[in-house]
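Here's a quick briefing to read alongside the structure. Have the viewer open and follow along topic by topic.

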Amino acid sequence: MRWRRMCAAVTVSGLALGGCSNDPEPAASTTPAAGPATAAPAPAAGKLKLVEVAKADKPVGMALRTGDDTLYVIEQPGRVRAIRDGRLVSAPVLDLTGQVGSEGNEQGLLGLAFSPDGRYVYFDYTGKDGDTRVVEYPVAAGGSIDAGARREVLTQKQPFANHNGGQLAFGPDGFLYIGLGDGGSGGDPQGNGQNLGTWLGKILRIDPRGGSPYRVPASNPFVKKAGAKPEIWAYGLRNPWRFTFDSQTGDLWIGDVGQDAYEEVDFQPAGSAGGENYGWSAREGSHKFKSDKPVGKDPVFDYKLHEGNACSVIAGPVYHGSLLPGLAG
């Protein structure tokens, strides 16, 4: 797969990614980001073009590290690559292909996140046994990763080979959020989405350095609920393949891949105490699936799969750039 960059100055998750426009840059918009119930203004005309930067083997995620201009890219088969000065470094930063199982289309090295101070990096991958693993490595000042310093943070047994989720992200609160699908197959046969006794079909929230192997924040919504996993932050998700925190507001946006009819975008406002139920598998998007009763929180947007050539929802960041003010928020 080829990497290309959009020639516009944008800010993604609080990180400025440079531009190549020769046109004068308009003044930055001071309008707050639009919430889910506010219609965004019509996009302003802009000049965009794609410029090839690098080629990678099935790139599925990327991240920047505090104090480091390197763009770190993960390849699904299990390699961590670096793009420096616009070029792909030939040797992998870390090669996990010996640990990663990537035979299935939705398996492999699926997520990465650097701790806010840049001292640790976390990976989410499918092991050779098909189970999900979240692991930690220390990062040296120059950005190198010691392959022998692996620490396992958590493991989730996977009953099927699909719906592995894989997203990792540190929230504005400094905690690590982990996305897990419902366990796979089709139609949530084990009922994991609505079951608080399993991590499957959930977003988890932990402090990875606060305990051994981690600490559960006391403010997590189900810490005191009998029978519930205390790590759970949100539930009722089918396959939250990607989610993102708005770099300016702290709002959480979730792209939840649908079953066979509807794709959905879910929203959690900054300051939420957690515990939201997004409805799967009682319903798919805002439509009934296994239940005729309204269950959980409505998505802010859903659309019919394959209608008008629409495909799976992938999710993405909220735009706070200045070259395209019509897209702000």
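Start at one strand pairing: glutamate 264 has aspartate 302 in S23 as its bridge partner. Keep in mind that this is a predicted model. Overall, the protein has 23 strands and 0 helices, and buried residues account for 50% of its 329 residues. Among contacts between residues at least 6 apart in sequence, 55% join residues at least 24 apart.

**Around strand S20**

- S20 pairs with strand S23 (residues 301-304) over 4 bridges, in the antiparallel sense.
- Strand S19 (residues 252-256) also runs antiparallel to S20, and 5 bridges join the two.
- The link between S19 and S20 is a hairpin through 5 residues.
- Why is strand S20 described as largely enclosed by the rest of the structure? Of its 7 residues (262-268), 6 are buried, so the strand is largely enclosed. Buried here means under 20% relative accessible area.

**The nonpolar cores**

- The largest nonpolar core has 23 residues, and Leu109, Phe123, Tyr137 and Ile145 have the most contacts inside it.
- Two or more residues each come from strands S5 (59-65), S6 (68-75), S7 (79-84), S10 (109-114), S11 (120-126) and S12 (132-138).
- S10 gives the largest share of this core, with 4 residues.
- Apart from this core lies another, of 20 residues, with Tyr120, Val134, Val153 and Ile206 among them.
- Which residues does isoleucine 145 touch, leaving aside neighbours within four places in sequence? Isoleucine 145 is in contact with Val93, Leu94, Val121, Phe123, Tyr137, Pro138 and Val139.

**Aromatic rings**

- A search of the whole structure turns up 9 aromatic pairs.
- One of them is phenylalanine 123 with tyrosine 137, an edge-to-face pair at 5.9 Å centre to centre with 65° between the planes.
- That pair links distant parts of the chain, with phenylalanine 123 in strand S11 and tyrosine 137 in strand S12, 14 residues apart.
- Elsewhere, ring pairs tie Tyr177, Trp233 and Phe245 into a cluster.

**Arginines over tryptophans**

- Arginine 242 has its charged end over the ring of tryptophan 241, 3.8 Å from the ring's centre.
- Arginine 238 lies over the face of tryptophan 280, at 5.7 Å from the ring centre.

**A four-stranded sheet**

- What is the strand order in the open sheet of 4 strands? The order is S14-S15-S16-S17, and the pairing is antiparallel.
- Strand S14 (168-170) and strand S17 (232-235) are the edge strands, each pairing on one side only.
- On average, neighbouring strands of this sheet are turned by 20° against each other, direction ignored.
- S14 pairs with strand S15 (residues 176-180) over 3 bridges, in the antiparallel sense.
- Within that pairing, leucine 168 stands opposite isoleucine 178 in S15.

Technical notes:
Residues numbered from 1 in each chain as written. Predicted model: local features only at pLDDT ≥ 70, side-chain atom pairs only at ≥ 80, totals over all residues. Heavy atoms only, no water. Core = buried A, V, L, I, M, F, W, Y, C linked by side-chain atoms within 4.5 Å. Buried < 20%, exposed > 50% of the residue type's maximum accessible area, 1.4 Å probe, protein only. Contact = heavy atoms within 4.5 Å. Pairing = 2+ DSSP bridges. Axes fitted to C-alpha atoms, helices over the stretch in contact; angles between N-to-C directions. Phe/Tyr/Trp six-rings, centres within 6.5 Å; stacked < 30°, edge-to-face > 60°. Lys NZ or Arg CZ within 6 Å of the ring centre and 35° of its normal.
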